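Thank you for making time this morning. I would like to walk you through one protein, starting with the whole and then turning to two of its parts.

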Amino acid sequence: MELELAHKTVIVTGGGSNIGRGISLAFARERVNLVIADIDEQQAGKTGAKAREAGAAETLVVKTDVSNWEQVQAMVRKTVDTFGRVDVLVNNVGWTVDRLFVEKPREEWEKEVQLNLWGMINCTRAVLDDMIAHKRGAIVSIGSDAGRMGEFREGVYAACKAGVIALSKTLAREVGKHGVRLNVVCPGTTMPSSAEDIGQTSMWAGSFLKGWNTPEMRERIARVYPLRRIGQPEDVAKAVVFLASDAASFVTGQTLSVSGGYTMM
Ligand SMILES: NC(=O)c1ccc[n+]([C@@H]2O[C@H](COP(=O)([O-])OP(=O)(O)OC[C@H]3O[C@@H](n4cnc5c(N)ncnc54)[C@H](O)[C@@H]3O)[C@@H](O)[C@H]2O)c1
């Protein structure tokens with residue numbers, strides 16, 4: 001299959017950890033110019049080094065808080081100044097803490113809205129002018145099955161991910177005539193396999209120390225998935241790379257669950 005991604009410019013937000021790292025490395029293997037926009041510059045730098053080893057044409061790490069509009073605009077400007085344009089944006093940053101709605105402090109809801117929804121709105125808005133001007137672009141956002149069907153202890157997070165899906169569909173209708181496509185990939189549970197794969201700002205920070213990211217816990221979680229395993233960053237990355245590529249040039253406004261059959265719709 002011809003993906004035609006070599007030397008395209010790809011921004012991955014939250015590329016420093018776990019799924020974002022897997023997505024970054026999958027694009028690196030396609031020899032793209034890779035921009036890793038992450039609030040954790042050190043962890044993003046580690047991904048950048050791995051991406052160069054994996055074959056990225058060029059890599060650029062830009063420390064960015066995706067919830068901050070000025071920082072997002074500056075990150076996109078730096079990308080365009082360095083590589084001339086933006087071909088692909090992957091909105092990967094997301095965050096949640098599982099807790100029942102009535103037990104959750106307001107600060108957690110606010111962080112969920114900022115990182116899952118405002119981050120996606122900011123980054124998407126910031127790249128659209130360039131993509132429309134070039135009559136071409138692909139935006140892949142990372143959703144969640146929680147946003148498709150609701151999930152215990154993930155109320156506001158689910159609402160934000162449903163928002164990511166709805167905004168992607170709306171924009172797919174609005175900007176399709178300019179050659180810009182938007183799609184969403186929804187991972188299932190995808191736990192980092194080593195502490196090295198996450199930084200302090202990852203939602204998994206401390207999970208190894210707290211002792212619940214264990215083989216036994218993974219096995220227990222795997223039982224609710226028809227395919228009887230939890231996800232790996234590479235599972236999600238393959239779907240993202242496909243949707244970003246010319247192989248998916250007639251696919252827009254779609255939501256694809258990569259979650260071992262957890263959600264079927
Ligand atoms: N891992 C899962 O089980 C799972 C399941 C369903 C959906 N998802 C979604 O997949 C995506 C990635 O999940 P993950 O487990 O890899 O997350 P993660 O928490 O491990 O990594 C998130 C990355 O985003 C960065 N980040 C955090 N706040 C930021 C900010 N304000 N600005 C820029 N960067 C910031 C972190 O530094 C980190 O590198 C998220 O959107 C998440 O909601 C994950």
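Predicted model: local features only at pLDDT ≥ 70, side-chain atom pairs only at ≥ 80, totals over all residues.

Residues are numbered from 1 along each chain as its sequence is written.

The protein has nine helices and seven strands, taken as DSSP runs numbered from the N terminus, with at least four residues of H or I for a helix and at least two of E for a strand. Of its 265 residues, 48% count as buried, which requires 20 or more other C-beta atoms, placed from the backbone, within 10 Å of a residue's own.

Let me turn to β5, where six of six residues are buried. In a regular strand the side chains alternate between the two faces of the sheet. Here Gly137, Ile139 and Ser141 point one way, and Ala138, Val140 and Ile142 the other. β5 runs parallel to β4, joined by four bridges, and parallel to β6, joined by six; strands pair if DSSP finds at least two bridges between them. Val90 stands opposite Val140 in β5, while Ile139 stands opposite Leu182 in β6.

Finally, helix α9 covers residues 233-244, and nine of its 12 residues are buried, among them Val236, Val240 and Leu243. What covers these buried residues includes β5 (137-142) and β6 (180-187).

Note on methods
Expected span 1.5 Å × (residues − 1). Contact = placed C-beta atoms within 7 Å.
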